[in-house]
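Me: I would like to learn how to read a fold from its loops, helices, strands and core. Can we go through one case step by step?

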Amino acid sequence: MRTSPHDAGGYDSRSFVAEFYDFVPAYSNRPDAAFYLDLARAAAGATLELGCGTGRLLIPIARAGVEIVGLDRSQAMLQRCRQKLETESEAVRSRTQLVNGDMTDFELKQRFQLVIAPFRCFQHVLAVERQIACLRCVRRQLAAGGTFVLDVFQVQAARMHDTAFMQESVEFEGVALSGGRTLKRTFRTAAFHRGEQYNDCELIYYVTKPDGGSERLVHAFPLRYFFRYEVEHLLARSGFAVEDVFGDYDRSPLADDSPEMIFVAKAAG
Ligand SMILES: C[S@@+](CC[C@H](N)C(=O)[O-])C[C@H]1O[C@@H](n2cnc3c(N)ncnc32)[C@H](O)[C@@H]1O
């Protein structure tokens, strides 16, 4: 099993990754925002977001009056988040704190009523011992009665082996960037590693300039996939009791065709 800087998803390895993140329609339209916002509002205290990135969820949560700490390993993603926070009110800014750190090895003084690991950031943690290290850090950060919510995608079997996924498929095109540039993105699986439960993924950005010139930029990273009971076992080994498993952000139960696996857990015992 490879453990390298790529183990954090490669968000810092190329500057365009953080630059383009907020332009990706599938991210800005992702249907998880209301789900996480409701959880944060309902929690009787502060929230910690692991892998907060550019603040897609962190900023709306702070706007809703909730104190939130965002932890991320990528300086570039945090820098985007900081820039966005500069345009927010003083009240919103005062409710946020950004920490550059690794979700598999962190300790904060504060304890939290809610810890969230949204948008599959846990899938960037490849090795079992690091997954458990992450969950134990989370367990230590939870206040009494606090809740931990983690999401990963539910695996579609073909995506573990079907070579059709090695061809680039277009996700979006024609998105306007600054300076008259436009952005297109494709996705492909570069390699399958079924024995170790991860795929080498490539998100490929094509930037077209006003003069017609273009650039092809590749964000390559390994992505771990999980099965339902594997996550339940990991949580149990790390001191959690699972309270709910949802299959989507509408809180529907996990079913064969659910796109997500969302685990809601409390400290065991
Ligand atoms: C898919 S993005 C999600 C960002 C944000 N939560 C959102 O929903 O838009 C995953 C984030 O996890 C961060 N990340 C990956 N591995 C990490 C690690 N080991 N520790 C902390 N952050 C990590 C990346 O830097 C990236 O910002």
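Me: Where does Pro 118 lie?

Reply: In this predicted model, Pro 118 sits in the loop that runs between E4 and H7.

Me: Is Pro 118 buried or exposed?

Reply: The test is a count of C-beta atoms within 10 Å, and 20 or more make a residue buried. Pro 118 has 25 C-beta neighbours inside 10 Å, so Pro 118 counts as buried.

Me: Which residues is Pro 118 in contact with, leaving aside neighbours within four places in sequence?

Reply: Asp 32, Tyr 36, Glu 49, Leu 57 and Asp 151 are the contacts of Pro 118 once those neighbours are left aside. Another pair to look at is Pro 118 and Ala 33: they are 85 residues apart along the chain, with 9.6 Å between their C-alpha atoms.

Me: Next, the helix. Which residues of H7 are buried?

Reply: The general idea is that an α-helix has 3.6 residues a turn, so residues three or four places apart point the same way. In H7, the buried residues are Gln 131, Cys 134, Leu 135, Cys 137, Val 138 and Gln 141. Their arc around the axis is only 155°, which puts them on the same side of H7.

Me: Where is Ser 238 placed, and which residues is Ser 238 in contact with beyond four places in sequence?

Reply: Ser 238 belongs to the loop between H8 and E10. With 20 C-beta neighbours inside 10 Å, Ser 238 counts as buried. Beyond four places in sequence, Ser 238 is in contact with Ile 132, Leu 135, Arg 136 and Arg 139. Leu 135 is also among the buried residues of H7.

Me: Now the strands. In which sense do E10 and E11 pair, and over how many bridges?

Reply: E10 and E11 pair in the antiparallel sense, over six bridges; Asp 244 has Val 264 in E11 as its bridge partner. E11 (residues 260–267) is also joined to E5 by seven bridges, and these two run antiparallel. There, Phe 153 has Glu 260 as its bridge partner.

Me: How many residues lie between E6 and E7 in their hairpin?

Reply: Five residues lie between E6 and E7, and Gly 179 in the turn has a positive phi of about 70°. E6 (residues 169–176) and E7 (residues 182–193) are antiparallel, with five bridges, and Ser 169 is bridged to Phe 187. E7 is also joined to E8 (residues 198–208) by eleven bridges, again antiparallel, with Arg 188 bridged to Glu 202. The hairpin of E7 and E8 has four residues between the strands, and Gln 197 takes a positive phi near 55°.

Me: Which residues touch the most other members of the largest nonpolar core?

Reply: In soluble globular proteins, nonpolar side chains tend to be buried together. The largest nonpolar core here has 58 residues, and Leu 50, Leu 58, Ile 61, Ile 68, Val 115, Phe 148 and Phe 263 touch the most other members. Beyond four places in sequence, Leu 50 is in contact with Leu 71, Met 103, Val 115, Ile 116, Ala 117 and Cys 121.

Me: How is the chain divided into domains?

Reply: Domain 1 takes 31–155 + 226–267, and domain 2 takes 157–223. Their centres, taken over C-alpha atoms, are 26 Å apart.

Technical notes: Residues numbered from 1 in each chain as written. Predicted model: local features only at pLDDT ≥ 70, side-chain atom pairs only at ≥ 80, totals over all residues. Domains from an automatic or database assignment. Core = buried A, V, L, I, M, F, W, Y, C linked by C-beta atoms within 7 Å. Buried ≥ 20, exposed ≤ 12 C-beta atoms within 10 Å, placed from the backbone. Contact = placed C-beta atoms within 7 Å. Arc of directions from axis to C-beta. Pairing = 2+ DSSP bridges.
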